[in-house]
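Grab a viewer and work through a few exercises on the model below. Try each task yourself before reading the solution.

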Amino acid sequence: MSGLALCMKGRGCRVTGSDLAPNEYTLRLERAGVPVFYGHAAENLGDADTVVVTSAVKESNAELCAARERGLPVFGRAELLARIAEGYAHTVAVAGCHGKTTATAMCAHVLDECAGSCSAHIGGIDRDFGNFRDAGKTYFVTEACEYKANFLKLSPETAVVLNTDADHLETYGSEEALFAAYAAFARSAQAAVVCGEDRIAAAVSGALTFGLSGRCDVGAENVRASAGKYSFQLRIRGETAAHVVLNVYGKHNICNALAAAAVAVRYGYPPALIAAGLQKFRGIARRFERLGKINGAPLIADYAHHPREIAAALAAAKGLCEGRLFVVFQPHTYSRTKLLFRSFVSVLAPVEHLVLYKTYPAREYFDAEGSALTLAQALPNSLYVERVRELEIYLRCSLRAGDMALILGAGDIYYAARQIVRG
């Protein structure tokens, strides 16, 4: 939403907005001259003539109700995004249950290097591009969110599907329905770039595939790790093409990089430029981000909030941690925790030093079956906390030099961790 607000302001529109509380996105908007109201009230509309809402906003929202009463045009976030995308010659939309933000940003860097410019709408804050970059009308790269099937409102020239894991089952009802939506998204574009190791590849004929297996069109060989970061030889249609060095942590980012590379291959760009673009990508906020140290132990924040993402973050942390690994996890929404409960228990059970922080409800009401406390009760190795001060005392009394604290979750745990680091 904040990226779209920056886009519209850059195009000469007068933009205001509202959110429940200050965060890095609202503060960036305020620095850019966009007034932001905290809390939702009808008077926040002012004299606006158009209203844009995220799918998380309920129909009972005071501002949305006031907009409808006044007969104002109301657009969903995805609808505005689709209209913006229409203004570019080539639109690339990146979907997937995991890695969307990183792969979108990587793709933007690659196309920027290859074509000389690339506009981008990113779901997190890229260290160089922010979360919206306006750089000409040739290429536009954006995330395509599967929540409430929003990605089906886009009409990209190139659709990218990173993976099709189970998530947002409260929206789709079943993993099969979610998969069908991903397949429909991929088929709706002029060209599709899909993971050859995901079942989506069999459902989308003629797609360009990427992945670590030798049967993929775009792949990696001679993979090497150095201090948690990876390098590899880029393989295109069976031929070694270029040496790629990544400047972000985690083996899972190889597949994100291959997705971005495959997009550039689809547009016919040379391997050397693809490799240069990938090397320039320096990361996204909240994606294995170093926040500081406590007692000499680094605090690393990661957005992981799905069991498979947690597993990837744990693997990356274990490769870097010299001493004990402390993990703080905040579940994101009661429904996700409830529906994937066994998977959460499975991935977190081996963690020796585990803290469960109170659930971030987002758009949902309390459900005891999907609460962080219920999850903690199923994990005897865990400590449950509800307050920032409790978490701070635990970390300051437990951590020592050589240890690492991994802070996981898509909610407000990130701000709690930053507050703790600041002391």
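Predicted model: local features only at pLDDT ≥ 70, side-chain atom pairs only at ≥ 80, totals over all residues.

**Exercise 1. Strand S18 and its partners**

Work out whether strand S18 is enclosed or open, and find which strands it pairs with.

Solution. 

Step 1: Check burial along the strand. S18 covers residues 353–357, and five of the five are buried, so the strand is largely enclosed by the rest of the structure.

Step 2: Sort the side chains by direction. In a regular strand, side chains alternate between the two faces of the sheet. Here His353, Val355 and Tyr357 point one way, while Leu354 and Leu356 point the other way, and all are buried.

Step 3: Look for pairing. Strand S17 (residues 325–329) runs parallel to S18 and is joined to it by four bridges; in that pairing, phenylalanine 329 has leucine 356 as its bridge partner. Strand S19 (residues 382–385) also runs parallel to S18, again with four bridges, and valine 355 has leucine 383 in S19 as its bridge partner.

Step 4: Follow the chain from S18 to S19. The path goes through helix H14 (residues 372–377), and this β-α-β crossover is right-handed.

**Exercise 2. Zoom in on valine 355**

Describe the surroundings of valine 355, leaving aside its neighbours within four places in sequence.

Solution. 

Step 1: Valine 355 belongs to strand S18.

Step 2: Apply the cut-off. Buried means under 20% relative accessible area. At 1% relative accessibility, valine 355 therefore counts as buried.

Step 3: List the contacts. With those sequence neighbours left aside, valine 355 is in contact with Val327, Val328, Phe329, Leu383, Val385, Leu391 and Tyr394.

**Exercise 3. A ring pair and a charge**

Classify the ring pair of tyrosine 88 and phenylalanine 140, then look for a lysine over one of the rings.

Solution. 

Step 1: Start with the whole structure. A search finds 10 aromatic pairs.

Step 2: Check the geometry. The ring centres of tyrosine 88 and phenylalanine 140 are 4.6 Å apart and the planes sit at 15°, so this pair is stacked.

Step 3: Tyrosine 88 is in the loop between helix H4 (77–85) and strand S5 (90–95), and phenylalanine 140 is in strand S8 (residues 139–143), so the pair ties together parts that are 52 residues apart in sequence.

Step 4: Check burial. Tyrosine 88 counts as buried at 7% relative accessibility, and phenylalanine 140 counts as buried at 1%.

Step 5: Look for the charge. The charged end of lysine 137 sits over the ring of tyrosine 88, 4.8 Å from its centre. Elsewhere, the charged end of lysine 58 sits over the ring of tyrosine 365, 5.3 Å from its centre.

**Exercise 4. Around S8 and H4**

Find out what strand S8 pairs with and what the buried residues of helix H4 pack against.

Solution. 

Step 1: Take S8. Five of the five residues are buried, so S8 is largely enclosed by the rest of the structure. Tyr139, Val141 and Glu143 point one way, and Phe140 and Thr142 the other way.

Step 2: Find the partners. S5 and S8 pair in the parallel sense over five bridges, with valine 92 opposite valine 141. S6 also runs parallel to S8, joined by three bridges, and serine 119 stands opposite phenylalanine 140.

Step 3: Turn to H4. Seven of its nine residues are buried, so H4 is largely enclosed too. Those buried residues are Arg77, Ala78, Leu80, Leu81, Ala82, Ile84 and Ala85.

Step 4: Name the packing partners. The buried residues of H4 pack against H1, strand S3 (51–53), strand S4 (74–76), S5, strand S6 (119–126) and S8.

Methods: Residues numbered from 1 in each chain as written. Heavy atoms only, no water. Buried < 20%, exposed > 50% of the residue type's maximum accessible area, 1.4 Å probe, protein only. Helix = DSSP H or I, 4+ residues; strand = E, 2+ residues; numbered from the N terminus. Pairing = 2+ DSSP bridges. Right-handed = clockwise from strand over helix to strand, strands pointing away. Phe/Tyr/Trp six-rings, centres within 6.5 Å; stacked < 30°, edge-to-face > 60°. Lys NZ or Arg CZ within 6 Å of the ring centre and 35° of its normal. Contact = heavy atoms within 4.5 Å.
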